[in-house]
Amino acid sequence: MSSNDKALLEVKNLKKYFYVSGGVLKAVDDVSFAIKKGQTLGLVGESGCGKSTTGRTIIGLYEPTGGEIIFDGEKVNHLTYDGRKKFARRAQMIFQDPYASLNPRMTVGDIIGEGIDIHELYTGKERMERIYELLDMVGLNREHANRFPHEFSGGQRQRIGIARAMAIEPEFIIADEPISALDVSIQAQIVNLLMNLQQEKGLTYLFIAHDLSMVRHISDNVAVMYLGMIVEMTNSVELYANPLHPYTQALLSAVPIPDPKVEKKRERIILEGDVPSPINPPSGCRFRTRCKYAMDICKEQTPSLREVSNGHFVACHLFS
Amino acid sequence: MIELTREKFERVGPNIEESQAIVRPSMTYWQDAWRRLKMNKVAMASLVFLILLGIMAIIGPYMLPYKYSDQNLMLTNRPPSAEHWFGTDYLGRDLFVRTWMGARISLTIGITAALLDGIIGVIYGGISGYFGGQVDNVMMRIVDILYGIPYLILVILLMLVMGPGLVTIITAMVITGWVGMARLVRGQVLQLKEQEFVLAAKTLGASPGRIIMKHLIPNTIGPIIVSITFDVPAAIFTEAFLSYIGLGVQPPLASWGTLANDATNVLLLYPYQLFFPAFFISVTMLSFNLLGDGLRDALDPRLRK
Amino acid sequence: MGKKEVLLEVKNLEYSFDTYAGEVKAVRGVSFEVYKGEALAIVGESGCGKSVTMHAVMKLNPEPPGRLKGGKIIFDGKDITNYTDKEMQTIRGSEIGMIFQDPMTSLNPTMTIGKQIAEVILKHQDVAKAEAMKRAKEMLDIVGIPNADKRIHQYPHEFSGGMRQRAMIAIALALRPKLLIADEPTTALDVTIQAQILDLMKDLQKQFNTSIIIITHDLGVVADIADRVVVMYAGKIVERGTIDEIFYHPQHPYTWGLLRSVPRLDAKKKDRLVPIIGTPPDLFAPPIGCPFAARCDYAMKICYEAPPEETCESDTHNVTCWLKHPYAPKVTNPFEMGVAADE
């Protein structure tokens, strides 16, 4: 897809632990991946798997417990305030909750203009022009600039959030479940908008999602997370055609297909039980408590993420 | 009924502008809160009463040709009459003028103390809540200590050092009074700072000052206003109480508390003298409390529809 | 299906909310029926009035601002349109069970799960407390909560999201109601848990022969569970029919849009998604014509001027669209020629 083979973002052995009353919550435990310029990595997993924590740690909202985050050749973890401000111009984030992610006391114009104000990019008339331009870009009207967030629908609010992130012309965007709170029909609008922006501006995305359906359309590569670890990672064609990890298979099988005949015939893999608590997770392979192929070794050894075929990584003892 | 002709069935396609347009009238937070407050009859009545009270506190002392300190020993303890609308006290001072002079003092103390509490509490609580962790720990322990100091002892100590008077009373109230506001604001800020719009501002590179001023305080302003509204009557009552036991403003200055104190001395002979200060203290407190309740309902974003 | 008996009939329901800005006409003349033992799905985007409709049936909307403006609701032969809250209480829980999107807010956090199930039983039936607790335990077994003996003594916060939804289902079905209304029951859950809950609902429907009304915006869920589908848009029904009619012979452009916007994991290659453009109208000032016109690729002049009438495609299939009018130009139905094969 991209001629530039250099990774824009490289995450090496990232760890983020939270010290809570019940013990240590290993939200992200030794996660590594890289995203090439102009590409999209989809990061998928269920609630509590650490996908959002990964995103927030990369962007600097959390300090990593261990590991390295390298953006365009430079280490960006443990930045000073000025360093973070500089990094902010290049990397931005889109948030999940279209209701909580916009300040209810600010007009849409001021919300979108916030980045412009912070980095003192434009003032006065130019600033307003830029805000109008951004509203156009995400498919909203100019009149919307004077309105307040509560006057908009969920999809429109998410567009405002995208315009806010785009205002300072970043190269890299982390989209933290930008569509999971939206109706299916609106989800497609947002995914398409993000894809258009990517093509126009050559953006690089980390797209976080809780199921595998929409991710497929926007991602070049997909990584599946379970309890703080990546269990499978490959390109988005291979993952859907040939899922290897039992958890990925279950995730794929769980998404209902909008076709009653197919749906009635289909044999679903239904996972037993719930995701265990990330505080004191199961020993060895963390998925073993819900895995029908679990073996003795799964209890004793944590499988490492290894390449089983060209560019297809799996962390599972079935493939070692 | 529209006539159905073939040309009506010409394909014109969608109209995205129309589908995106917002048809509802725009309403800011304050407009909406004011609309809601207006619907609350009791709160509006309280507000009207408080405004009238404020006006009277300004013009009341000039409505009769006496000064609040003018004594007339020929006319002591007179009942209300055409010359002296509320009567006179044991030194022959006009009670109407003194009552409104008292309103001036009481309201000044109440509002100043509540505002100062508010400002200090908001800044302190905002910083403590925003930075959290160790900073929060230390700052909140200081609050706990202040909270533990017996209020009356502090007042008496201050009286000794600064001498009795308006400034002393206000200082005494503010030294301990702001901690309530600080706790309130800290709690709100702790909740708000995890909200995604605050995270978004951080991601954009906003400084802590900007986040506190643009995002956290504006979203806490509702509870802050409500809390200040409740603080005013509390301060008025405290002042009245201190004045009543002789620790308040000194004669010939009058506040509702000293008026009530003077009146109790002659209670058995002229019980009506107690009526005016007591009536105004209670109705003012009641009004502020009812208005506070109304504001709480009006400013609560959860009720917003 | 055999012979069909109507369990719930909603006739021309109109429901509004009075807000500061004026009247919001949330439901504008909705009619449908639910047969015994079937699963009916009400589908539409948020704000289309699907939840308001069912809450109006159950009298769960806050009134005011809510207000029933017109229509009839007939449940199991009884006209419950003007039932008071007290009369509704005899029906809610015993004859109609309900589960909501967020189980945490619909469970009482200060009461054990067992007590909450038992309470429903005790409220409607004259049984001993111990008997009610025994049945509560049975219900937990039925909805697949392991260690029911232990679990009935636990509080909601000790349950995970999926377990809470199971507990909600246990409460809703404790008295074997004739109708179960599920309002977005899986939206707040993870996909693997969603699959579990849908399976459970299907099982229980067979086991108890309960009718189900499922409210959802996800056509995947519909395909999985429903027998018949009602598609709502802007407070009106735009299309209704059996599941096969809606999925394989949809007639309304809005239904086409909904079907096309759902990504299919079983497709061989990844296509670009086809969203429905624009935003649904604000029902504070609904369009005078067809509410979908402004977002519809096939919109004609008439669509902006007058609302279309409902027409019959078959005994079970109704559409409300001007394209069905004899004057309308012929458009190729993108679904008659195989699912989205033209893309």
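1. A:Arg268 and C:Asp224 are joined through their side chains by a salt bridge, 3.0 Å from N to O; the term stands for a side-chain nitrogen of Lys or Arg within 4 Å of a carboxyl oxygen of Asp or Glu. The rule finds three salt bridges across the interface of chain A and chain C.

2. The model is predicted, so local features need pLDDT of at least 70 and side-chain atom pairs count only at pLDDT 80 or more, while totals for chains, interfaces and linings use all residues; side-chain values use heavy atoms, with hydrogens and water left out. Residues are numbered from 1 along each chain as its sequence is written, and chains are lettered from A and ligands numbered from 1 in the order in which they are written.

3. Between chain A and chain C, 45 residues of chain A are in contact with 45 residues of chain C (contact: heavy atoms within 4.5 Å). The two chains bury about 4,000 Å², with 55% of it on carbon and sulfur atoms; buried area is the accessible area (1.4 Å probe) lost by two parts on being put together, summed over both.

4. Across this interface of chain A and chain C there are 15 residue pairs in polar contact, both residues at pLDDT 80 or more. A polar contact is a pair of N or O atoms within 3.5 Å; within protein, one must be able to donate a hydrogen and the other to accept it, and residues adjacent in sequence count only if both atoms are side-chain atoms. On the chain A side, α6(A) gives the largest share, nine residues (helices are DSSP runs of H or I, at least four residues, and strands runs of E, at least two, numbered from the N terminus).

5. Chain B also meets chain C: 23 residues of chain B are in contact with 30 residues of chain C. About 2,600 Å² is buried between chain B and chain C, and carbon and sulfur atoms give 63% of that area. The rule finds one salt bridge here: B:Glu10 with C:Lys301, whose closest N and O atoms are 3.5 Å apart. Helix α1 of chain B (residues 16–20) supplies the largest share of the chain B side, four residues.

6. Within chain A, A:Lys16 lies in strand β1 (residues 7–20). A:Lys16 is buried but has no salt bridge, and the nearest side chain of opposite charge, A:Glu63, is 7.4 Å away. Buried means under 20% relative accessible area (1.4 Å probe, protein chains only); for charge, Lys and Arg count as positive and Asp and Glu as negative, with His and the chain ends not counted. Beyond its neighbours within four places in sequence, A:Lys16 has contacts including A:Leu25, A:Val28, A:Tyr62 and A:Glu63.

Notes:
Buried means under 20% relative accessible area, exposed over 50%, partly exposed in between (1.4 Å probe, protein chains only).
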